[in-house]
Amino acid sequence: MDVPAIEAQGLCKSYKSFRRPRSVVLKDISLKIEPGEIFGLLGPNGSGKTTLISIFSTLIYPDRGRLKVLGLDSRKSRDAIRKVINISTAKPNFPWSLTVRENLRHYAMLYGMYGPELSRAVADVMDAFALEEYRDVTFEDLSTGLKQRLALAKAMLNRPKLLFLDEPTTGLDPEMANKTRQLVRSIHEDGISVVLSTHYMPEAEVLCDRIAFLRKGVVVALDTPQNLKGHLRLGERVVIVYEGPADLSRLKEDPGIMSVKSEPGRAEFVVDKSSESLDRIVKQFSKARIKDIAVKEPDLEDVFLELAR
Ligand SMILES: Nc1ncnc2c1ncn2[C@@H]1O[C@H](COP(=O)(O)OP(=O)(O)OP(=O)(O)O)[C@@H](O)[C@H]1O
Ligand SMILES: [Mg+2]
């Protein structure tokens, strides 16, 4: 039970192409993903997320490095690994003229099921992913959101222990994206390890236990969302809108206040913890009329900008 979901050491990958020079896409990736984790791969377009997920899911080989998936060696035990993992991607492509149910039966067959076992597996995922009412709709007639949901359902057919999701909510409207996140959470609550990629910071923040930031094929940071914010000293932001006089010079010396920016009628502070410094800040506005106070937690967008610098 306690084998890591993923143990990667020194993974490198480059693509050769006929005309262009060889491009290095992943450089020396080493990481360990614990069982039962939701692990996020976060990075801008082209940073190597899909390539890394393709390597983890044994779809392509790395040029160098070692990889164990659920304790199994990726070179020696590819077939055994494929029985216990599955993958769903942002732009799923299924046979267009088959219905939801036919598509699921088709995949269940590919996974080696037949008879009552196959029927039960298909019924189970249709139920879990609320697809029953669309069972007779062909793939080409499904909305983008339902296509993604079908892809998730398909990925659960073989009851994987480790699930890879490449940009599971890209292209979905906010409501559908939220539904998908709930489904991912419920999959995770069943004890399944999840590795997902996204370039949407708030998603990684609410969903993931740990996050690896990829940039140009390198892991530039790896930690819990909370620690990533802390280590980078990205404090909370306090914004005060006011009228009248205020003396901010003392606040610039305050050790709990990391920065002070002011313009007429508006002051912005980056603080370690607003609960500890808000009182001292507000006192400096005693002769002014405060019109608005806002406290904003740092989000991963800030972490991302900081790392990209
Ligand atoms: N089959 C391929 N042949 C050549 N180059 C490729 C191939 N697949 C990916 N690349 C290149 O590798 C780099 C990383 O691509 P990858 O798809 O892994 O990034 P990504 O982080 O998933 O990006 P996105 O956010 O756009 O999905 C890109 O520069 C891409 O052009
Ligand atoms: Mg990608």
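What follows is a short chat about the chain, its domains, its sheets and its ligand.

Visitor: How should I take the coordinates?
Guide: As a predicted model. The C-alpha atoms of the chain fill a box of roughly 80 × 45 × 45 Å along the principal axes, and the secondary structure comes to 11 helices and 14 strands.

Visitor: What makes a residue of this chain count as buried, and what percentage do?
Guide: The cut-off is 20 or more other C-beta atoms within 10 Å of the residue's own. Of the 309 residues, 33% count as buried.

Visitor: What share of the contacts join residues at least 24 apart?
Guide: Take the contacts between residues at least 6 apart in sequence: 68% of them join residues at least 24 apart.

Visitor: Which domains does the assignment give?
Guide: Domain 1 covers 6–223 and domain 2 covers 232–308. Their centres, taken over C-alpha atoms, are separated by 41 Å.

Visitor: How do you know which residues of the two domains are in contact?
Guide: Two residues are in contact if their C-beta atoms lie within 7 Å. By that test, eight residues of domain 1 are in contact with six residues of domain 2. On the domain 1 side, α7 (201–207), β9 (210–215) and β10 (218–223) each supply at least two residues, with the largest share, four residues, coming from α7. By class, that side has six nonpolar, no polar and two charged residues.

Visitor: Why do β12 and β14 stand at the edges of their sheet?
Guide: The open sheet has four strands in the order β12-β13-β11-β14, with antiparallel pairing. β12 (257–263) and β14 (289–296) each have a single partner strand, so one side of each is left without a neighbour in the sheet. Neighbouring strands here are turned by 15° against each other on average, direction ignored.

Visitor: What makes β11 and β14 a pair?
Guide: Two strands pair if DSSP finds at least two bridges between them. β11 (residues 236–243) and β14 have seven bridges, in the antiparallel sense, so they qualify. V238 stands opposite V295 in β14.

Visitor: Which helix lies across those strands?
Guide: That's α10 (residues 274–283), which lies across β11, β12, β13 (266–271) and β14 and runs at about 20° to β11.

Visitor: What makes a residue part of the shell around ligand 1?
Guide: Its C-beta atom has to lie within 6 Å of the ligand. There are 13 residues around ligand 1, and the closest are Y15, N45, K49, T50 and T51.

Visitor: Which elements supply at least two residues of that shell?
Guide: β2 (23–33) and α1 (49–56). α1 gives the most, with three residues.

Note on methods:
Residues are numbered from 1 along each chain as its sequence is written. Chains are lettered from A and ligands numbered from 1 in the order in which they are written. This is a predicted model: local features need pLDDT of at least 70, side-chain atom pairs count only at pLDDT 80 or more; totals for chains, interfaces and linings use all residues. A residue is buried if 20 or more other C-beta atoms lie within 10 Å of its own, exposed if 12 or fewer, and partly exposed in between; C-beta atoms are placed from the backbone. Domain bounds come from an automatic or database domain assignment. Ala, Val, Leu, Ile, Met, Phe, Trp, Tyr, Cys and Pro count as nonpolar, Asp, Glu, Lys and Arg as charged, and the others, Gly among them, as polar. Axes are lines fitted to C-alpha atoms, for helices over the stretch in contact, and angles run from 0 to 180 degrees between N-to-C directions.
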